[in-house]
Amino acid sequence: LDPEEFRRQGYMVIDFLAEYYKNIEKYPVRSQVEPGYLRKRLPESAPYNPESMETILKDVQKDIVPGLTHWQSPNYFAYFPSSGSTAGLLGETLAAGFNVVGFNWISSPASTELESIVMDWLANMLSLPKSFTFSGGGGGVMMGTTCEAILTTITAARDALLDQIGRDNINKLVIYGSDQTHCSFFKSAKIAGISPKNFRTVKTSRAHAFALKPESLRAAIEADVNAGLIPLFLVATVGTTSTAAVDAVGPLCDVAKEYNMWVHVDAAYAGNACICPELRHMIDGVEKADSFSFNAHKWFLTTLDCCCLFVKDPDSLVRCLSTNPEYLKNKATDTQQVVDYKDWQITLSRRFRALKMWLVLRSYGVDYLRNFLRTHVDMAVYFEQMVTMDKRFEIVVPRSFSLVCFRLSAAAVLQYSGQKFIEEETLNDLNSELLESINSDGRIYMTHSLVDGIFMIRFAVGATLTEIHHVTYAWKLVQEHTSAILARRIR
Ligand code: PLP
């Protein structure tokens, strides 16, 4: 790595990205390529001789950019967005530049120590109880994704319980979530060796905004206990993926704790917003949980990947995940005065994620971050108001955080078609057609979910560059496509 050549090429890449951001609104938000497009364009084998950065960047523009879905576009309203920022991106660049592999303290003390400090700062910003901080006996760790956070905590909970009741009881362990819990929970449980027949997805309903009810949880647990099974783990979600439903953490913990279960709070998306005092109540009761995680890469100006996991009892992770091969032995570890994060996670090697979070926190400060999140919630409120005013639509569940779930209503379709009745399936198909029509036009991008048989369009505000005029524009497009689709159905 020649420093001067690195400088030259580095400037080129930064210039390239600056142009990309300048022009980002010119690209179709959802990539319009067909499957296999890239294989047709690229050579069959890697180049034998070096190529210049100039040539490579030309090909990035020509071949890669068309195959990108532009998550950073201000017209991106799909899934849950992934908010990037100058500080996040440059922090990531610094971390990649240092390229340290901080598996234990000695392998890069700054990496470990900064992570512990930043996680404590975040815990304070979220008003988490002291028991989730290092000074309170707990602590935080940065992982790639929520999937890893959940796998780690299930594994810790599993081993703690099996140590008491015997390893051969693993097939009796039961895990609980709702029918809205993210699929990563069930995948993690499967990897952790929990029998799939012991996965309980407790039913939720539209009447209760798809939140998990404590009494439904209790009924499920009691049925299992009566059948001789053993409750292990509950995931309570604050901000579910489909509709941003909020499970009542406190009351659910009260039920789970009667059965000595581990409770994890998955606030992958919504947890970010809980640094705003007016939204903090959404995680009330978290003090009773064992672990809590949120994805800073979703909505905290911190680029992918950065899942922040807080635990009350780090020893439970260390007991089941620590490894101590000779080649990693060192004096610092022997003193037991340092954190060796390799023992808190599945993998050994790990990235210096704390650096980008530190840059984000220092560059923007808490006040700005709160206002950033609030602006997004306000834009979603505005979008929801516009949907409500157009009688052709219905809000499927009341807006939560910055997510609006809406659909073309049955009444509107009946009025336009002159029919007396419409099957739910037909209504779903029509909404799906509307969404596809909007997305293939390329000017904005939204995604859907199907909950309790209802196909809904999700409008998720969270891209860093989105401003109110983008929301107005998106709504105009929705109306335009709706009018065209309904016109086709007029008798
Ligand atoms: N949990 C919730 C509530 C989510 O919304 C998501 C992703 O959107 C996840 C978990 C999965 O996150 P990850 O991709 O970080 O594993």
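**Exercise 1. Describe how helix α6 packs against helix α7.**

Step 1: find the elements. In this predicted model, α6 covers residues 146–165 and α7 covers residues 183–191. Helices here are DSSP runs of H or I with at least four residues, strands are runs of E with at least two, and both are numbered from the N terminus. Residues are numbered from 1 along each chain as its sequence is written. Because the model is predicted, local features need pLDDT of at least 70 and side-chain atom pairs count only at pLDDT 80 or more, while totals for chains, interfaces and linings use all residues.

Step 2: take the geometry. The two helices pack at an angle of about 45°, and their axes are 9 Å apart. Axes are lines fitted to C-alpha atoms, for helices over the stretch in contact, and angles run from 0 to 180 degrees between N-to-C directions.

Step 3: classify the pair. α6 and α7 are therefore oblique to each other. (Angles under 35 degrees count as roughly parallel, over 145 as roughly antiparallel, 65 to 115 as roughly perpendicular and the rest as oblique.) Their crossing is right-handed; a crossing has this hand if the near helix is turned clockwise from the far one by less than a right angle, and is left-handed if anticlockwise.

Step 4: list the residues. From α6 come T146, C147, I150, L151 and I154, and from α7 come S184, F185, K187, S188, A189 and I191. Contact requires C-beta atoms, placed from the backbone, to lie within 7 Å. The residues of this contact divide into 7 nonpolar, 3 polar and 1 charged. (Ala, Val, Leu, Ile, Met, Phe, Trp, Tyr, Cys and Pro count as nonpolar, Asp, Glu, Lys and Arg as charged, and the others, Gly among them, as polar.)

**Exercise 2. Which residues of α9 are buried, and what do they pack against?**

Step 1: in α9 (residues 249–258), the buried residues are V249, L252, C253, V255 and A256. (Buried means 20 or more other C-beta atoms within 10 Å of the residue's own, exposed means 12 or fewer, and partly exposed is in between; C-beta atoms are placed from the backbone.)

Step 2: look down the axis. The buried residues of α9 fall within an arc of 165°, so they line one face of the helix. The arc is that of the directions from the helix axis to the C-beta atoms.

Step 3: name the partners. These buried residues pack against α8 (214–226), β4 (230–237) and β5 (262–266).

Step 4: follow one partner strand. L234 lies in β4 and is buried, with 33 C-beta neighbours inside 10 Å. Beyond residues up to four places away in sequence, L234 touches Y176, L252, A256, M261 and V263.

**Exercise 3. Find the buried residues of α11 and their partners.**

Step 1: P314, S316 and L317 are buried in α11 (residues 314–321). Seen down the axis of α11, they fall within an arc of 160°, so they line one face of the helix.

Step 2: their packing partners are β1 (139–143), α6 and β7.

**Exercise 4. Where are N99, Q336 and D305 in the chain, and what marks their backbone?**

Step 1: recall the background. Most residues other than glycine have a negative phi, and most peptide bonds are trans.

Step 2: N99 sits in the loop between α4 (86–98) and α5, and its phi is positive, near 50°. N99 is exposed, with 9 other C-beta atoms within 10 Å.

Step 3: Q336, in the loop between α12 (331–335) and α13, also has a positive phi, near 60°. Its 7 C-beta neighbours inside 10 Å make Q336 exposed.

Step 4: D305 belongs to the loop between α10 (296–299) and β7 (307–311). L304 and D305 are joined by a cis peptide bond, with omega about 5°.

Notes
Contact = placed C-beta atoms within 7 Å.
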